[in-house]
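Please keep the structure open as you read.

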Amino acid sequence: IKKVPRRIYDTRGTFFSSKDKFQFSRDSVIVKKTDIRVFQSKKDSVQQVEDEYHNVEPFRESEKLEYLSRDTTEQKYLNRKWYDLVVNLALQNVGLKVGSGYFNNVFRINAYEFLRIGVGYQSMNLISERLRFGGYFGFAVNPDGINDKGWRLGFNTGVYLGKAKKQYLEYNYKNDVREPGRTFYLYEKKDLIRNFFTSRMGITVSNDIAYTSTVNNNFIFRVNINDFSFDPQFYYWYKTSLEDSTNFFRFSEFGFKMRAGRYSTMNPALSRLLLLKKGYIPTLYFNYVKGYSGILDGQYDYHKFNLKLKSYFQFNEKYHIDFTSEGGISTKDIPYPVAYVGAGNITELASIIVMDAFQTMDLYKYLTDRYVNVFTTFYVNFKAAKKNRMRPQVGLAWNMGWGKFTGDINVHVFEEGEEVRDYRDGFYETGILFTNFLQVRFLGLLRGEFGMGVFYNVGPFDEDTSRLAFRATYKITAF
């Protein structure tokens with residue numbers, strides 16, 4: 001990639017700033033002031049133009065950088081738009097921009113609903129630049145619930161505050177399904193495959209008022225008040241006493257979420273001391289929830305604290321480390337929907353890796369009210385192959401965790417034969433990953449990088465679970 005040394009115009013009058021970056025490729029249109037030429041490569045284009053204009057004005061080295069690959073840049077931009085559309089549709093985020101808004105919630109796929117179809121719309125500057133509103137409805141084709149009729153509904157409205165529009169006040173209503181025992185952090189990237197594996201849900205009706213503030217690009221926080229109900233669509237009863245139990249729950253919560261860090265924040269001297277060529281890039285997440293009894297419809301008093309750190313250590317171009325550490329603690333004896341479920345990845349469908357999870361742990365089998373998990377992978381990058389420009393990686397993984405349920409785990413009653421416990425003796429696994437060893441192109445728009453890995457449980461052994469787990473790895477990007 002080359003930087004443009006000065007302002008250049010093409011024949012149609014398009015202006016390119018000196019800050020723009022472009023790249024040469026085969027059969028690309030080369031632009032120099034008002035001259036347009038087509039060449040087979042960057043080397044040929046520079047040499048041919050040098051020869052043509054040599055008698056008039058010899059080229060300096062800096063002038064060779066004035067040749068731009070216009071069509072390649074435009075094609076990459078178009079591919080990126082298609083890539084964003086596909087990914088956002090799959091993640092149920094932005095679907096398709098139309099006018100002053102966009103359609104979303106077009107479809108959803110997971111093990112519980114099988115397939116959900118519907119439509120949603122979110123406004124953007126439709127009435128004013130500050131006011132937004134939206135809604136959605138849908139229908140699950142084959143929900144795996146006890147009394148789930150399959151209908152989904154939600155709407156929201158919000159307003160930006162302040163001149164810079166860095167504060168947002170919103171209200172959300174949902175009559176939808178929710179996975180129990182799972183922690184969601186502020187603006188954390190969703191794992192598409194993990195959503196596919198979701199097989200345990202409960203119907204929830206929620207009313208949520210939230211205030212979000214962006215202090216700068218590296219610090220965002222949100223406070224909210226959420227009143228919601230949870231109706232498990234699986235066999236579960238919570239014993240409130242020796243004689244009484246319930247399977248319908250109401251919660252009233254005050255919550256605080258924070259996300260800090262995205263760019264390198266380590267002192268340069270310390271970075272050099274640790275031999276990190278490109279520094280240490282952390283992202284810190286923090287959640288706090290206070291549940292209230294007797295306020296609104298709340299039935300339970302509890303506190304929950306969660307902290308998560310995602311880090312990337314770049315030593316040089318050949319070696320790097322992905323590191324994630326997560327922990328949480330809550331009041332004992334709280335119902336299953338708001339407790340902590342172990343981060344497992346063994347289900348009937350699990351053959352694809354889910355990051356920040358134990359590949360040899362059963363999903364929904366471990367229940368805790370305090371836990372610490374650490375996921376570490378050390379990668380070695382190999383040189384890119386000339387033919388397909390792949391950059392194979394070999395990763396060595398080490399995952400470990402500890403989780404304990406301090407209350408009486410017998411107050412949680414599941415279907416007969418289903419055993420739920422904690423992992424107070426620890427959970428340890430190691431693995432080796434071979435990523436980006438196979439590259440596939442889709443319709444000339446997307447590039448898939450695939451590989452495989454194998455994990456082995458080296459800790460306390462669960463006789464109902466195999467020590468070995470084979471996983472496929474993937475990464476989808478635009479050209």
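In this predicted model, Asp356 and Lys310 form a salt bridge whose closest N and O atoms are 2.8 Å apart. The two partners come from distant parts of the chain, 46 residues apart: Asp356 sits in the loop between strand E24 (344-346) and strand E25 (358-362), and Lys310 belongs to strand E21. Lys310 counts as partly exposed because its relative accessibility is 28%.

Salt bridges with shared partners also tie Arg108, Glu113, Arg116, Asp148, Arg152 and Asp176 into one network. The count of salt bridges comes to 17, and the table shows some of them.

| Asp356 | Lys310 | 2.8 Å |

Glu418 is partly exposed at 29%, and Arg200 is buried at 12%.

Now to the nonpolar side. The largest nonpolar core has 22 residues, and Tyr236, Phe249, Phe251, Tyr302 and Tyr336 have the most contacts inside it. Strands E16 (219-232), E17 (236-239), E19 (249-260) and E21 (299-314) each give two or more residues to this core. Apart from it lies another core, of 10 residues, including Tyr366, Phe375, Tyr423 and Phe427.

Beyond its neighbours within four places in sequence, Phe251 is in contact with residues including Phe228, Phe230, Tyr300, Tyr302, Pro335 and Val338.

Technical notes
Residues are numbered from 1 along each chain as its sequence is written. This is a predicted model: local features need pLDDT of at least 70, side-chain atom pairs count only at pLDDT 80 or more; totals for chains, interfaces and linings use all residues. Side-chain values use heavy atoms; hydrogens and water are left out. A nonpolar core is a set of buried Ala, Val, Leu, Ile, Met, Phe, Trp, Tyr and Cys residues joined through side-chain atoms within 4.5 Å. Buried means under 20% relative accessible area, exposed over 50%, partly exposed in between (1.4 Å probe, protein chains only). Helices (H or I, at least four residues) and strands (E, at least two) are DSSP runs, numbered from the N terminus. Contact means heavy atoms within 4.5 Å. A salt bridge is a side-chain nitrogen of Lys or Arg within 4 Å of a carboxyl oxygen of Asp or Glu.
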